[in-house]
Amino acid sequence: VEEKTLLPVFLVALVFIQLWLLWKNEVVYEGTDNITHFHMARYAFENPHLFLHLWGKPVFTTLLAPFTFLGFKGAQLFNLLIAVLTLIFTYRISKSFFPKGALAIVVLTAFAPVYFMLMLTTLTEILFSFVLVVSVYLFMKNKLFFTALLLSFIPFVRSEGIILFPVFAVAFALKRNWIAIPVLAAG
């Protein structure tokens, strides 16, 4: 069976596993941060300043907010959806470097203990991984302006993302794309 066929089968199985865990589990991994992110996003429409609150991370809060109307489990589904999209882009990147092992990389990523647990949280790490993986994918496709533009918002997903700016600035310089470097400040 071809890897291209196995990827959707694996992703569907992963979603079913996670949905079963979501349904069965009443314990919240990483406790209060989870609840606080949920509440900030849930009440951001009533208190718009929460959309810009730096602890809550503005990009994360904005994207999570609509899902919070489905309750806490709906908010957890947001991270599951983003994790699946991240795994799809991980597969695309991996296919370029390891044509025969791309699916294995996706499986190992999905079942890495911390990543697997974070899929059913309302924490920022999953969205951070998505922005980073899509940025790498765009970079590989030579869409450097869009890479820089997307990456410019990563500190508003997780503050630690700012350390990626010098790395990508050097990569843009090595590709002699001087326009992309100042775009890193767009966010």
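Mentor: Arg176 is found in the loop between helix H9 (164-174) and helix H10 (180-183). Helices here are DSSP runs (H or I, at least four residues), numbered from the N terminus, while strands are runs of E of at least two. Arg176 has a positive phi of about 60°, although it is not a glycine. At 64% relative accessibility, Arg176 counts as exposed (over 50%; buried is under 20%, partly exposed in between, with a 1.4 Å probe and protein chains only).

This is a predicted model: local features need pLDDT of at least 70, side-chain atom pairs count only at pLDDT 80 or more, and totals for chains, interfaces and linings use all residues. Residues are numbered from 1 along each chain as its sequence is written, and side-chain values use heavy atoms, with hydrogens and water left out.

Asn142 has a positive phi too, of about 65°, and is not a glycine. Asn142 lies in the loop between helix H7 (125-140) and helix H8 (144-151).

Now a helix pair. The axes of H1 (residues 3-24) and H4 (residues 71-97) come within 11 Å and cross at roughly 160°. Axes are lines fitted to C-alpha atoms, for helices over the stretch in contact, and angles run from 0 to 180 degrees between N-to-C directions. H1 and H4 are therefore roughly antiparallel (over 145 degrees; under 35 is roughly parallel, 65 to 115 roughly perpendicular, the rest oblique). Residues in the contact (heavy atoms within 4.5 Å) include Leu7, Leu11 and Leu14 of H1 and Leu77, Leu80 and Val84 of H4.
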